[in-house]
Amino acid sequence: MIAFDLKCKNNHTFEGWFDDNEALEQQQKDGLIECPICNTKQVVKIFSSFAIKESTLPTAGQPSKVDFAEIGRQIIEYVKTNTDDVGSDFTKEALKIHYGVSKPRSIRGVSTPNEEKILKEEGIDFLKVPIPVLPSESDQDA
Ligand SMILES: [Zn+2]
């Protein structure tokens, strides 16, 4: 079934459902379509919009899955290559940059909830990215 937008000679617009375009034209020819508002049979089809209603949706392959793990990996990779690792000095360094003491640059590091509060109070924008802790060399002994 296809829904067509129709318009009568008095500019009333309405929607009609037809098997296909031919069915619409046939019914138009036979004078079977009339305006529900003024009942005129002088109705034309508007091409602007239509919807296709299918009883069975086509199964054109699986919808592409979003690989969040891959996106996360790329974000971490980007952050690592584009920021300076200042470790636990993150807040200190962010404040230094903020007040022009340090060279403006993107940094990464760790901060405590208290330090994050300070950054927020100072109006410093920062982005928290959960970075998985990779097994360090010291862990390999276990
Ligand atoms: Zn009408």
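Helices (H or I, at least four residues) and strands (E, at least two) are DSSP runs, numbered from the N terminus. With that in hand, select N39: it sits in the loop between α1 (21-29) and β3 (43-52).

**Before going further**

This is a predicted model: local features need pLDDT of at least 70, side-chain atom pairs count only at pLDDT 80 or more, and totals for chains, interfaces and linings use all residues. Residues are numbered from 1 along each chain as its sequence is written.

**Whole chain**

Show the whole chain as a cartoon. There are four helices and five strands. Follow the sequence and the pattern reads β-β-α-β-α-β-α-β-α.

Now colour by pLDDT, the predictor's confidence in each residue, from 0 to 100. The chain average is 81, and 78% of the residues score at least 70. Among the elements, α1 has the highest mean pLDDT (91) and β3 the lowest (67).

Next, burial. A residue is buried if 20 or more other C-beta atoms lie within 10 Å of its own, exposed if 12 or fewer, and partly exposed in between; C-beta atoms are placed from the backbone. Of the 142 residues, 6% count as buried.

Turn to contacts: two residues are in contact if their C-beta atoms, placed from the backbone, lie within 7 Å. Take the contacts between residues at least 6 apart in sequence: 46% of them join residues at least 24 apart.

Select β1 and β2. Strands pair if DSSP finds at least two bridges between them. Here six bridges join the two strands, which run antiparallel. Pick L6, then its bridge partner in β2, F14. D5 stands opposite E15 in β2.

Move to the turn. Four residues lie between the strands of this hairpin. N11 is in that loop, between β1 and β2 (13-18). Its phi is near 65 degrees, a positive value in a residue other than glycine. Is N11 buried or exposed? N11 is exposed, because it has 9 other C-beta atoms within 10 Å.

**The core**

Select F4, L6, C8, L24, I33 and V43. These six residues make up the largest nonpolar core. Such a core is a set of buried Ala, Val, Leu, Ile, Met, Phe, Trp, Tyr and Cys residues joined through C-beta atoms within 7 Å. Which strand gives the most to this core? Strand β1 (residues 2-8) does, with three residues. In soluble globular proteins, nonpolar side chains tend to be buried together.

Centre on I33. Leaving aside neighbours within four places in sequence, I33 contacts L6, G16, Q27, Q28, K41 and V43.

**Back to N39**

Return to N39. The phi of N39 is near 65 degrees, again positive in a residue other than glycine. N39 is exposed, because 9 other C-beta atoms lie within 10 Å. Draw a distance from N39 to C8. They are 31 residues apart in sequence and 8.8 Å apart in space, C-alpha to C-alpha.

**Last stop: α4**

Select helix α4 (residues 113-121). How many of its nine residues are buried? The number is zero, so α4 lies largely in the open. Just after α4, click G123: its phi is positive, about 75 degrees.
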